[in-house]
Each structure stands twice: as structure tokens, then as C-alpha cells.
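Please keep the sequence and the model in view while reading.

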Amino acid sequence: MTKESHQPDYIIRKRRKASWYWSWAGLVLVILLVAIGLGYWLSERQYSGFGSANDRLGNLRTQLDEANNGKIHWQQQYQVEHQVTAQLKDEIQKLNTKIHNLEKEKQAFLRIFDPNAVESGLQIASFVWESVAGKVNQFNFRLMLIQAGQQQRDVSGTYSITLVGKESGEEKTYSMLELEALSQQDTQFKFRYVGSHRGTFNIPEGFEPELVRVQVTSSGRGGETIVQDFPWQVVSRQQTPNEVEDNNVG
């Protein structure tokens with residue numbers, strides 16, 4: 001085999017100086033340093049971001065705790081104010097009812113000394129009842145009898161008070177004598193102008209009153225019997241004392 005005539009026998013390469021290698025080494029070193037610096041900067045930034053996020057999360061938790069504490073405070077304050085308001089409403093209702101009862105009794109007293117009264121003689125002026133504080137189904141009552149018009153002599157007789165309602169779905173009545181709220185002697189009266197009678201009674205368990213019936217009978221010549229029904233309208237345990245309009249049935 002023969003060598004081609006145009007192929008040289010030797011290849012001459014230019015030898016690079018040492019500075020060229022040092023330049024490339026420096027460039028690589030700079031790139032490495034820049035990469036290391038950039039990596040460190042990114043790491044610090046990421047860590048700083050995590051720290052800021054944790055700080056914000058802590059602030060949000062603190063704000064949430066403060067909001068929950070504020071919510072509990074306002075709930076407690078609302079409950080207290082609600083209870084106070086309910087108590088004030090009950091007291092106002094009681095005072096208004098008492099004022100109404102006193103006004104009714106005042107009118108009754110005026111009828112005593114009214115010579116021109118349409119109705120004269122023995123009358124049931126008022127009957128009121130009120131629940132006893134702290135007692136369930138226990139009530140105080142007050143019955144006022146008057147002699148209207150011209151009072152020339154004392155009037156005497158007896159009265160009875162009866163609870164009318166239902167028990168176990170059937171009609172049932174209880175007299176104050178049965179409930180031991182009055183004795184036989186307590187039911188007697190004798191007065192010239194006004195007679196006031198008080199007592200306390202308990203509603204039997206399972207009994208639902210619908211009305212209170214008051215019957216008054218005068219004795220002697222010309223004696224008469226008066227019957228009045230007072231509907232039982234105790235809307236709630238706190239609605240006391242209670243007075244209703246008279247339902248005259250006799």
C-alpha cells in the first residue's frame with residue numbers, strides 16, 4: 001500500500017499557553033462560586049419564606065384564639081343580659097298586675113259609699129291569686145266582698161271557693177275545704193262595708209284548672225246567693241299575680 005501523495009507526513013498543532021488553561025480554570029471556578037452563592041441565596045430565601053409562613057400562621061392562630069375568647073365573652077354577656085331582661089319583664093308584669101288589682105279594689109271601695117250605685121247589697125268585689133315564690137303549683141289568693149249602697153246593718157253568711165278543671169281527661173272539681181286551704185270557720189263572714197279573706201292552696205298533681213268558682217250566700221231574711229267564675233289564665237309560671245275579668249253567672 002502506498003501513501004497518497006497529498007497526505008502530509010506530520011500534523012503541526014499550536015501549543016496553548018498556560019494562561020489559557022488558567023483562564024478556563026478561573027472561569028469554571030467563578031461559575032462554581034456563583035452557583036454555590038445562588039444555591040445558598042435560594043436556600044436562605046426558602047427558609048425565610050417558611051419562617052414568614054410560620055409567623056403568619058402563628059398570628060392567625062392568635063387572632064382565632066382572641067376571636068373565640070371574645071365570642072365566649074359576648075355569649076356570656078348576652079346570657080346575663082337576657083336573664084336580667086327576663087327578670088325585669090317579670091317584675092314589671094307583676095307590678096302592672098298588682099296595680100290593676102289595686103285599681104279594681106279601689107273601684108270596689110268607691111262602690112261601697114256610692115248611694116246611687118246601680119247594684120247595692122252584697123257583692124264579690126274581686127278575687128285574685130298569685131303563685132308562691134319557689135313553690136310549684138302553690139298559690140296565695142285574696143277574696144274581697146263588699147256591701148254596696150246604703151249599709152244599714154251588717155251582712156253575714158258563708159262563701160265557698162272551688163277549682164273547676166280536668167283530671168285524667170275527665171271533669172273534676174276541688175273545693176278549698178278539700179284542699180285544706182280553708183276551714184269551715186274560715187268560710188264564714190260578717191261585715192258592714194268590706195270583708196277580705198286570704199288563703200293558700202296547692203293544685204293537685206295531674207289536675208288542670210280551667211276556672212275558679214266563688215259562691216257567696218248571705219244568711220237571714222232576704223238572703224241571696226251570688227256565683228262568679230274567674231277563668232284560670234296563668235300563661236306561665238312567672239305570670240303572677242293573676243286577675244281576670246269576672247264572669248258573673250248568678
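Two strands are said to pair if DSSP finds at least two bridges between them, and the strands themselves are DSSP runs (E, at least two residues; helices are H or I, at least four), numbered from the N terminus. By this rule strand β2, residues 138-148, is joined to β6 by 9 bridges, and the two run antiparallel. Within this pair, Phe-141 stands opposite Gly-199 in β6.

The model is a predicted one, in which local features need pLDDT of at least 70 and side-chain atom pairs count only at pLDDT 80 or more, whereas totals for chains, interfaces and linings use all residues. Residues are numbered from 1 along each chain as its sequence is written, and side-chain values use heavy atoms, with hydrogens and water left out.

## Pairing around β7

Strand β7, residues 207-218, is joined antiparallel to β3 by 11 bridges, and Ser-160 has Gln-215 in β7 as its bridge partner. A further 7 bridges join β7 to strand β8, residues 225-231, again in antiparallel fashion, with Arg-213 opposite Asp-229 in β8. The hairpin of β7 and β8 has 6 residues between the strands, and there Gly-220 takes a positive phi near 90°.

## Met-176 in its loop

Met-176 lies in the loop between β4 (170-175) and β5 (188-191). Met-176 counts as buried because its relative accessibility is 2%, where buried means under 20% relative accessible area, exposed over 50%, and partly exposed in between (1.4 Å probe, protein chains only).

Contact here means heavy atoms within 4.5 Å. Leaving aside neighbours within four places in sequence, Met-176 is in contact with Phe-141, Ile-161, Leu-163, Ala-181, Leu-182 and Phe-201. The C-alpha atoms of Met-176 and Ser-160, which are 16 residues apart along the chain, are separated by 7.4 Å.

Most residues other than glycine have a negative phi. Asn-137, which is not a glycine, has a positive phi of about 60°; Asn-137 lies in the loop between β1 and β2 and is partly exposed, at a relative accessible area of 39%.

Ser-168, also not a glycine, has a positive phi of about 55°. Ser-168 is placed in the loop between β3 (155-167) and β4, and its 73% relative accessibility makes it count as exposed.
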